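Work through the exercises below with the sequence and the model side by side, and try each task before reading its solution.

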Amino acid sequence: MLVTERLTLRAFRKADAEDFAALHADPLAMRDYGVTFSRDHSDARLDRIIAAWRHDGYGRYAVFLGEHFAGYVGVMHRASPDHPLGAHDEIGWRLSSRFWGRGIATEAASAVLEHTSERLGQTRILAYTAQDNLASQAVMTRLGLIRMPDLDFAFPYPPYFDTWRGLVWRVPPHFGGME
């Protein structure tokens, strides 16, 4: 568990399935996909997150503001040989739209990076987002991540996109958190 000034972050549990599904049913939170996820799809993603914690010892954290589930933030290992970046660790976040604009993603991601980068080595952790996801790009900038345009990629991502294009950042050496 990680605790910041305002937030509590902990590993996901099966009991979080309702909150997780509600996040994936939020059309604003899911606008980067262009669709919301079904309950079955959300449950399958939750199962993968829980399995990642068991297998890797790290993963996505459930983020709480007080008693309220706000979303998730965390580092996941991407081992697929089909991914354009090959095997890597990726930090990502998704918040319910009702929690946007409060600095929660930046605060939570900073805590996760401070904790996780000590273990993994900062330069192994990447972040990527779509060209039009300016909010995530702003979080990456506030975190002090380094833009890596030479790593930008495109790959087919059905059924959501014919081709998804990712802009890439990396966690800098000696990650120091927010400015």
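The model is predicted, so local features need pLDDT of at least 70 and side-chain atom pairs count only at pLDDT 80 or more, while totals for chains, interfaces and linings use all residues. Residues are numbered from 1 along each chain as its sequence is written, and side-chain values use heavy atoms, with hydrogens and water left out.

**Exercise 1.** Find how many bridges join strand E8 to strand E9, and in which direction the two run.

Solution. Begin with the terms: strands are DSSP runs of E with at least two residues, and helices are runs of H or I with at least four, numbered from the N terminus; two strands pair if DSSP finds at least two bridges between them. Next, locate E8 at residues 153-157 and E9 at residues 161-170, which are antiparallel and joined by four bridges. A hairpin of three residues links E8 to E9. Finally, E9 also runs antiparallel to E6 (residues 125-130), with five bridges, and there Thr 129 stands opposite Leu 167.

**Exercise 2.** Determine which element gives the most residues to the lining of the second largest pocket.

Solution. A pocket is an open set of points on a 1 Å grid over the protein atoms alone, where a 1.4 Å probe fits, with protein on both sides within 12 Å along at least five of seven lines, and lining residues have an atom within 4 Å of a point. The lining includes Phe 161, Thr 163, Trp 164 and Arg 165, and E9 gives the most, with four residues.

**Exercise 3.** Decide how helices H1 and H2 are oriented to each other.

Solution. First, take H1 (residues 17-24) and H2 (residues 39-56), whose axes come within 9 Å and cross at roughly 120°; axes are lines fitted to C-alpha atoms over the stretch in contact, with angles from 0 to 180 degrees between N-to-C directions. The helices are therefore oblique, the class left once angles under 35 degrees (roughly parallel), over 145 (roughly antiparallel) and 65 to 115 (roughly perpendicular) are set aside.
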